[in-house]
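Please keep the sequence and the model open while going through them.

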Amino acid sequence: MIGRFSFGRLLAVMVKELIQMRRDRLTFAMMVGVPILQLVLFGFAINADPKRLPTAMLVADPSPFSRSLTAALVNSGYFDLRHTTTDPGDIDRMLATGQVQFAITIPVGFSRDLQRAERPTMLVEADATDPAATSNALSALAVIARQALNADLVGPLAGLRAGPDPIDLRVHRRYNPDGITQYNVVPGLMGVVLSMTMVMMTALAVTRERERGTMENLLAMPVRPFEVMLGKIVPFIGVGYVQVVLIVAAARLLFGVPIMGSLWLLSAVLVVFIAANLAVGFTFSTLAKNQLQAMQMSFFFFLPSVLLSGFMFPFRGMPGWAQAVGELLPLTHFLRIVRGILLKGNGLPEIAGEMLPLLAFLAVVTVLALRRYRQTLD
Amino acid sequence: MTVPSGSGSPAAAPVAAIDVRGLVKRFGDKLVVNNVSIRVETGAIYGFLGPNGSGKTTTIRLLCGLLTPDAGEGTCLGLDIRRDSAAIKRQVGYMTQKFSFWEDLSIAENLDFVARMYGLPQRRRRVDEALERLGLANRRRQLAGELSGGWKQRLALAACILHDPKLLLLDEPTAGVDPKARREFWDEIHRLAADGLTVLVSTHYMDEAERCHEIAYIAYGTLMTHGPVDRVIAQSGLHTRVVSGHDLARVAEAVAAQTGVEMVAVFGSRLHVSGLDGAALDAALAPWMGDGNRQATEAAPTLEDVFIHLMNRSTDNFQ
């Protein structure tokens with residue numbers, strides 16, 4: 001072919017890419033803007049354990065018991081008592097219009113029935129159109145109700161207290177004892193941001209050459225495909241690291257995400273993950289006829305990555321076929337690795353099982369990209 | 001015009017810079033280049049003419065290894081166009097039809113990139129020299145995209161000859177360039193050829209064709225004719241009558257329908273009437289000559305007459 005690999009030519013392509021990147025304000029803005037935007041959106045806005053949900057109450061039988069229950073519900077943090085009413089019609093209306101998420105009814109004769117050990121009813125109506133918003137609050141309810149009344153059931157009523165559970169159930173929420181959503185989301189964002197920007201930027205960078213006609217010039221020069229590919233990819237690895245530094249800094253300083261494992265190990269994994277995404281972008285650029293197509297292909301890759309990788313929804317909650325697709329995506333494996341390293345303090349032995357698919361993906365896509373990249377215009 | 005015998009001694013048989021035979025290229029069902037053979041002597045300026053979409057660009061791309069021919073063989077600078085395309089690329093400067101340098105790089109950065117690509121020693125010095133020669137030394141930091149058409153073309157040429165190629169392939173280099181810049185460009189081409197560089201240039205302009213040592217005319221992928229300009233005209237077998245006088249528009253309309261008249265074109269106050277049979281032309285014009293208002297003289301056809309004649313003929317063949 002064109003003789004041996006030349007570092008000079010590789011350098012030429014790299015220098016050119018860096019200059020072009022510097023002059024392209026939009027790409028530059030995207031490099032920094034996308035991570036910041038996503039951090040704000042996902043980091044601050046998304047909460048899988050919503051608290052202070054608007055609640056309406058209808059207390060038909062005011063008593064010390066109903067007051068205790070009300071206080072306990074508010075104190076749990078899940079319920080925000082916005083309305084009290086005496087009209088059941090109000091309850092239906094408020095749920096229907098979405099004014100409240102929960103409506104709690106304490107019926108007539110509640111305290112009398114309680115004292116007679118007749119198991120009075122307390123009705124909790126939830127707007128379950130969004131199950132994620134209500135499920136945590138609902139599962140907390142039973143415990144709240146029992147503990148609230150235990151304090152009031154004294155003297156002759158002590159017999160009505162709930163007895164201890166037959167077993168002593170202990171739950172350890174390991175790696176994230178408080179169940180903080182950000183611990184899960186922010187490290188994951190690193191993978192999402194890289195998947196999005198890296199694929200798109202390389203796809204565009206190469207397609208742009210074809211669209212502007214400079215590819216013909218490049219092909220007429222004695223440069224090897226591998227030199228072009230590497231020369232275009234390496235500067236973007238640098239860009240990827242800038243994004244990672246931004247996100248890791250934000251994770252630590254803004255969201256207090258623990259960093260249990262080695263950042264060096266993470267850096268090493270990142271090279272593979274970033275290169276895998278860049279290779280995907282490069283492959284797209286060999287298929288796309290123009291920048292619009294390159295953009296569309298990038299989104300075609302990005303969407304399943306975000307949806308099926310376990311970033312948005314729990315991976316194990318997906319059906320088998322979706323999990324199978326997810327396993328093929330580099331983001332899936334990277335998410336497990338990055339959460340493992342940051343939250344669990346995983347080392348190389350623990351992440352090796354996820355590294356292999358990542359490396360295999362990189363190898364396959366690189367071969368594909370080099371085969372697709374033509375040295376001629378045929 | 002004659003072809004100079006390269007820079008070698010006259011005794012030695014000159015090695016052709018380009019010598020290809022029977023080139024064929026198809027895109028899908030479409031035959032774009034059909035059995036084209038070209039021979040260009042070293043040091044010659046070879047003009048490549050033909051209508052739009054006739055296969056000029058494709059042929060040039062076949063020569064420099066950007067496309068692989070479906071059939072045909074030959075050499076470029078003594079190197080096989082199929083096997084040695086990489087080696088050919090090192091010694092060929094190819095200037096694309098559309099400006100294909102990086103508009104978001106500065107003038108100096110573009111040249112520097114090219115110098116690195118070809119691994120040129122003393123890169124900085126060569127880039128500086130090229131800038132000096134271009135007269136762009138003080139605008140080296142300007143982005144290439146901000147240059148006017150004429151300057152873009154000069155930059156492209158400077159970048160194409162930066163690595164001292166032996167063969168220059170220019171694809172419609174002067175399209176959209178003003179006449180003064182075009183003339184300067186051609187002066188530069190002749191200087192380069194005098195230094196022993198072989199130049200193959202495609203163009204639409206007849207005045208440019210006449211500045212070539214040799215020309216070839218391609219239409220619908222087929223090479224119609226080739227050779228020095230005067231020989232191409234002589235070989236066309238075309239006869240032309242130049243008519244001057246009154247009522248030329250009416251004459252043109254009437255004569256065009258006559259048998260034996262192939263082309264009628266008005267050039268200001270004169271009318272060019274051409275055809276393959278001189279006697280038929282005279283017969284067609286005779287009815288208009290009697291009243292003394294007009295006169296017809298025999299003249300050599302211009303290159304343009306010949307090309308339009310060839311173009312008409314090739315369309316006939318094609319349909």
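1. Residue B:Asn35 lies in strand S2 of chain B; helices (H or I, at least four residues) and strands (E, at least two) are DSSP runs, numbered from the N terminus. Although B:Asn35 is not a glycine, its phi is positive, at about 55°. B:Asn35 has 14 other C-beta atoms within 10 Å and is therefore partly exposed. On this scale a residue is buried if 20 or more other C-beta atoms lie within 10 Å of its own, exposed if 12 or fewer, and partly exposed in between, the C-beta atoms being placed from the backbone.

2. This is a predicted model, in which local features need pLDDT of at least 70 and side-chain atom pairs count only at pLDDT 80 or more, while totals for chains, interfaces and linings use all residues. Residues are numbered from 1 along each chain as its sequence is written, and chains are lettered from A and ligands numbered from 1 in the order in which they are written.

3. The strand that holds B:Asn35 belongs to an open sheet of 4 strands in chain B, with the order S2-S1-S4-S5 and antiparallel pairing. Two strands pair if DSSP finds at least two bridges between them. Strands S2 (30–41) and S5 (79–80) of chain B are at the edges with a single partner strand each, so one side of each has no neighbour in the sheet. Between S4(B), residues 71–76, and S5(B) there are 2 bridges, and the two strands run antiparallel. B:Cys76 has B:Leu79 of S5(B) as its bridge partner.

4. Helix H1 of chain B (residues 56–63) packs on this sheet and touches strands S1 (16–27), S2 and S4 of chain B. Contact here requires C-beta atoms, placed from the backbone, to lie within 7 Å. The direction of H1(B) makes about 120° with that of S1(B); axes are lines fitted to C-alpha atoms, for helices over the stretch in contact, and angles run from 0 to 180 degrees between N-to-C directions. H1(B) is mostly covered, with 8 of its 8 residues buried; among them are B:Lys56, B:Arg61 and B:Leu63. Just after H1(B), B:Gly65 takes a positive phi of about 85°.

5. What is the overall make-up of chain B in helices and strands? Its secondary structure comes to 11 helices and 14 strands. The C-alpha trace of chain B spans about 75 × 45 × 45 Å along its principal axes, and 45% of its 319 residues count as buried. Among contacts in chain B with a separation of 6 or more, 71% come from residues 24 or more positions apart.

6. Chain A also has an open sheet of 4 strands, in the order S2-S1-S3-S4, with mixed pairing. Its edges are strands S2 (79–85) and S4 (123–126) of chain A, each with a single partner strand, so one side of each is left without a neighbour in the sheet. S1(A), residues 53–59, and S3(A), residues 102–106, pair in the parallel sense over 5 bridges, and A:Met57 stands opposite A:Ile104 in S3(A). Helix H3 of chain A (residues 64–75) packs on the sheet and touches S1, S2 and S3 of chain A.

7. Helices H9 (residues 225–253) and H10 (residues 263–287) of chain A have axes that come within 9 Å and cross at roughly 130°. That makes H9(A) oblique to H10(A); angles under 35 degrees count as roughly parallel, over 145 as roughly antiparallel, 65 to 115 as roughly perpendicular and the rest as oblique. The residues that make the contact include A:Phe236 and A:Gly240 of H9(A) and A:Ile274 and A:Leu278 of H10(A). The contact residues divide into 11 nonpolar, 1 polar and 1 charged; Ala, Val, Leu, Ile, Met, Phe, Trp, Tyr, Cys and Pro count as nonpolar, Asp, Glu, Lys and Arg as charged, and the others, Gly among them, as polar.

8. Between the chains, 22 residues of chain B are in contact with 24 residues of chain A. On the side of chain B that touches chain A, the elements giving two or more residues are helices H2 (85–91) and H3 (107–117) of chain B. H3(B) gives the most, with 4 residues. By class, this side of chain B has 11 nonpolar, 4 polar and 7 charged residues.

How values were computed:
Two residues are in contact if their C-beta atoms, placed from the backbone, lie within 7 Å.
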